[in-house]
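Grab a pencil and have a go at the exercises below. Try each one yourself before you read its solution.

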Amino acid sequence: MKQKDINIKNRRATFDYEIVETFTAGMVLTGTEIKSIRGGHASLVDTFCYVNNGEVWVKNMNIAEYFYGTYNNHAARRDRKLLLNRKEIARLQKNGRDAGFTIVPLRLFINERGLAKLVIGIARGKKEYDKRQSIKERDDKRAMARLFHKS
């Protein structure tokens, strides 16, 4: 698997939340963590972000231990600091405090320079009827795609 092929998505986030705004953040990682991500061994299931003392952190992100790591290996689910500029952090802090909004990771990827980046979004939780609407739209798109592929 090439570095540019690394594109780990949080599919549940777009189903459970309506994404209002997105940001791309760098991450503070150890050597074994970036090697594990480059191998594709990371997951964004049940992850969320929070702002603490003017810093943005991602919690519950699973980066599997690196196979060849020795005593230097990292903890799989530790909190990891995100790198954003001051204006972006202020915007996240303001919107994250509002009722009904949360900060969720959407996608983890390796950029062209070989750095791990995390796309995070300010999200509003969907109600049950919104989720049903999303399912209906997805099924309609699938049905339309089938019709066009048959002809």
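This is a predicted model: local features need pLDDT of at least 70, side-chain atom pairs count only at pLDDT 80 or more; totals for chains, interfaces and linings use all residues.

Residues are numbered from 1 along each chain as its sequence is written, and side-chain values use heavy atoms, with hydrogens and water left out.

**Exercise 1.** Find which residues touch the most other members of the largest nonpolar core, and which element gives the largest share.

*Solution.* Start with the term: a nonpolar core is a set of buried Ala, Val, Leu, Ile, Met, Phe, Trp, Tyr and Cys residues joined through side-chain atoms within 4.5 Å. Buried means under 20% relative accessible area (1.4 Å probe, protein chains only). Now look at the 25 members: Leu82, Leu108, Leu118 and Ile120 touch the most others. Next, the elements; helices (H or I, at least four residues) and strands (E, at least two) are DSSP runs, numbered from the N terminus. Those giving two or more residues include strand S2 (17–27), helix H3 (86–97) and strand S9 (116–125). The largest share, 4 residues, is from S9. A handy background idea: in soluble globular proteins, nonpolar side chains tend to be buried together.

**Exercise 2.** Work out which way S2 and S9 run relative to each other, and how many bridges join them.

*Solution.* Two strands pair if DSSP finds at least two bridges between them. S2 and S9 run antiparallel and are joined by 9 bridges. To see it, find Thr24, which stands opposite Val119 in S9. Then turn to strand S7 (residues 80–83): S2 pairs with S7 over 2 bridges, also in the antiparallel sense. Here Gly26 is the residue opposite Leu83 in S7.

**Exercise 3.** Describe the largest pocket: what is its volume, and which element gives the largest share of its lining?

*Solution.* On a 1 Å grid over the protein atoms alone, a pocket is an open set of points where a 1.4 Å probe fits, with protein on both sides within 12 Å along at least five of seven lines; lining residues have an atom within 4 Å of a point. Its volume, the space filled by probe spheres set on the points, is about 160 Å³. Among the lining residues are Asn10, Arg12, Tyr17, Phe48 and Val104. Helix H1 (11–16) and S8 each give two or more residues, and H1 has the largest share, 3 residues. Finally, sort the lining by type: 6 nonpolar, 3 polar and 3 charged.

Definitions and conventions:
Buried means under 20% relative accessible area, exposed over 50%, partly exposed in between (1.4 Å probe, protein chains only). Ala, Val, Leu, Ile, Met, Phe, Trp, Tyr, Cys and Pro count as nonpolar, Asp, Glu, Lys and Arg as charged, and the others, Gly among them, as polar.
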